[in-house]
Amino acid sequence: MAGVATDLLNFLNDLKENNNREWFELNKATFKKLDNDFKTSFGAQILEGLSKTDHIEKMKVFRIYKDVRFSKDKTPYKTNRSLSFSRDGAALRGGYFLHVEPGNTYLGGGFFAPNPADLLRIRKEFEMDDQEIRAIMADKEFSEVYGSEFVPYAQVKTAPKGFSKEHPAIDLIKNKSFFFEKKFTDKEIVTANFSNKVVHCFELLRPYFDYMSDVLTTDLNGVSLLND
């Protein structure tokens with residue numbers, strides 16, 4: 001079991017107040033040590049626990065450096081640390097994500113801005129039959145953690161082209177992303193058992209991932225799109 005180091009949160013708070021290259025270079029050695037511990041202790045605990053019930057291809061630690069080319073905010077560093085866990089193989093769709101930031105830590109999973117083909121396939125599935133996805137979202141333990149709807153990152157105002165705004169599942173169909181999210185306080189994330197909580201929350205996403213994997217690897221007639 002492991003939690004997020006309090007020293008890492010303190011560093012990120014300091015970085016927020018001193019988001020410039022001079023300060024970062026002076027404190028780079030501290031960052032490297034904290035970030036290595038974040039990956040090899042905390043992240044590794046999550047990877048180990050998650051791998052017991054799912055097939056994980058890799059864990060990714062996101063870079064601290066920002067791409068500011070197209071951003072109005074030109075500060076050079078992110079003030080958060082993030083991990084993602086990719087599932088292994090074309091048949092296993094969906095991915096797990098953890099964002100650690102003082103006052104704004106959350107985890108989640110799903111399909112963020114899927115490509116046009118996947119987006120249309122998901123919407124068509126909901127149009128044909130929304131009972132299975134609603135049953136997953138209505139599960140008591142799932143809904144206690146993630147709520148009973150997708151995070152509304154982006155939605156069309158009424159209905160996507162080719163879909164009726166009067167359809168009973170339009171609340172699902174109008175989404176452009178299909179992602180669930182759970183937030184945590186700073187007090188929660190530094191507890192020793194936080195890595196276990198993360199694993200448990202990720203495991204609750206499995207029925208959703210299994211359902212969506214089936215949807216995205218078959219056509220509307222249920223015929224597999226995967227090569228044998």
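**View 1. Left-handed crossing of helices H5 and H10 in the predicted model.** In this predicted model, helices H5 and H10 cross in a left-handed manner. The axes of H5, which covers residues 131-138, and H10, which covers residues 206-216, come within 10 Å and cross at roughly 165°. Because angles over 145 degrees count as roughly antiparallel, this crossing makes H5 roughly antiparallel to H10.

**View 2. Residues that form the contact of H5 with H10.** On the side of H5 the contact is made by Glu132, Ile133 and Ile136, while H10 contributes Pro207, Tyr208 and Tyr211.

**View 3. The open sheet of 5 strands.** The strands follow the order E1-E2-E3-E4-E5 in an open sheet, and their pairing is antiparallel. Strand E1 (56-61) and strand E5 stand at the edges, where each has a single partner strand, so one side of each is left without a neighbour in the sheet. On average, and with direction ignored, neighbouring strands of this sheet are turned by 15° against each other.

View 4. Strand E4 (residues 105-111) pairs with E5 in the antiparallel sense, over 7 bridges. Within this part of the sheet, Thr105 has Phe184 of E5 as its bridge partner. Although E5 stands at an edge of the sheet, 5 of the 7 residues of this strand (residues 178-184) are buried, so E5 is largely enclosed by the rest of the structure.

Terms used:
Residues are numbered from 1 along each chain as its sequence is written. This is a predicted model: local features need pLDDT of at least 70, side-chain atom pairs count only at pLDDT 80 or more; totals for chains, interfaces and linings use all residues. Side-chain values use heavy atoms; hydrogens and water are left out. Axes are lines fitted to C-alpha atoms, for helices over the stretch in contact, and angles run from 0 to 180 degrees between N-to-C directions. Helices (H or I, at least four residues) and strands (E, at least two) are DSSP runs, numbered from the N terminus. Angles under 35 degrees count as roughly parallel, over 145 as roughly antiparallel, 65 to 115 as roughly perpendicular and the rest as oblique. A crossing is left-handed if the near helix is turned anticlockwise from the far one by less than a right angle, and right-handed if clockwise. Contact means heavy atoms within 4.5 Å. Buried means under 20% relative accessible area, exposed over 50%, partly exposed in between (1.4 Å probe, protein chains only). Two strands pair if DSSP finds at least two bridges between them.
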